[in-house]
Amino acid sequence: MVCLICGQDRQERMTFRTLLSADSSPGFCRTCREKFVKIPQGHSCRLCGRDLGLMDEKFISGSVCTDCRRWEKSGGNGCFGRNIALYSYNDWMKEVITTFKFRGDAALAVGFRKEFRAAGRKIIGKDWRTHWERLRNGKHHPRETCVIVPMPLSGNRLKERGFNQAEVLAELIGEPVVPALCRIGGERKQSKKNRRERLESGENPFKLDEAFSEVLHGTKVLLIDDIYTTGATLRRAAAAFERADPKCVDSLTLIHG
Ligand SMILES: [Zn+2]
Ligand SMILES: [Zn+2]
């Protein structure tokens, strides 16, 4: 098997199990894989999922980072609950993302299939551990439904890129994906506005497709995106769900950066 990044042979022993498993191949070789920095789930910000080990202690209080405290104080969370992220944004991740963008290749996300799938299934309670606990505890009540929604791109961006990375990631979880959000208008570069300006301009580029309103009522929503940066985009998307009155809106991103 060939590494999706460097193209070298991955030199991994193939067995029937690895061939048939949904959790293996395609992927990255060991050298490439080891340069990604995984976020330790036991030591990440409870609200945005960033690696607390990479932060100065003075920016952390009660396993929450200062950015998230600021969101709490400003009342900007709305129905947004928390984000879980799998990798930190380091130079290597940046390089790899640029390469894949240049190639116009959707496969980057696919290379993280095993990890992303496992994380997604755990959040929605479809992993083997949750199954086993349910069996052991003899819980027969119906499980809570959780709806997986990918973050949409605007029509222009989609045309430019040819695919939506968030959609590719969402599909990796292996459960039905609900395209409940759409993105209207052009996307203005985030960097052109500062954080305050973005918060103050009330325009929300995300709209809920009314057809899904009923399905979403009282459910848990899991938004999927490639990267959590300031958290503003995900919170805006979450706000678009408010009318459908879901139980909560959380998110899962491949990267925190
Ligand atoms: Zn490689
Ligand atoms: Zn945080």
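This is a predicted model: local features need pLDDT of at least 70, side-chain atom pairs count only at pLDDT 80 or more; totals for chains, interfaces and linings use all residues.
**Overall make-up**

I started with secondary structure. I find twelve helices and nine strands in the protein. Next I checked burial. Of the 257 residues, 41% are buried. Residues 24 or more positions apart account for 74% of them. The accessible surface comes to about 14800 Å². Carbon and sulfur atoms hold 52% of that surface.

**Salt bridges**

I looked up the salt bridges and got eight in the structure.

Asp67 pairs with Arg50, and their closest N and O atoms are 3.2 Å apart. Asp67 sits in helix H3 (residues 66-74), while Arg50 is in the loop between strand E1 (37-38) and strand E2 (60-61), so this bridge ties together parts 17 residues apart in sequence.

Asp67 also bridges to Arg70, with the closest N and O atoms 3.1 Å apart. Both residues lie in helix H3, three residues apart, or about one turn of the helix. I note that shared partners join Arg50, Asp67 and Arg70 into one network.

Asp67 is partly exposed at 33% relative accessibility. Arg70 is partly exposed as well, at 42%.

**Another pair**

I then turned to Asp56 and Lys58. They form a salt bridge, with the closest N and O atoms 3.9 Å apart. The cut-off is 4 Å, so I count the pair. Asp56 is partly exposed, with a relative accessible area of 41%. Lys58 is exposed at 63%.

Conventions:
Residues are numbered from 1 along each chain as its sequence is written. Chains are lettered from A and ligands numbered from 1 in the order in which they are written. Side-chain values use heavy atoms; hydrogens and water are left out. Helices (H or I, at least four residues) and strands (E, at least two) are DSSP runs, numbered from the N terminus. Buried means under 20% relative accessible area, exposed over 50%, partly exposed in between (1.4 Å probe, protein chains only). Contact means heavy atoms within 4.5 Å. Accessible areas come from the Shrake-Rupley method with a 1.4 Å probe; for residues, only the protein chains shown count as cover. A salt bridge is a side-chain nitrogen of Lys or Arg within 4 Å of a carboxyl oxygen of Asp or Glu.
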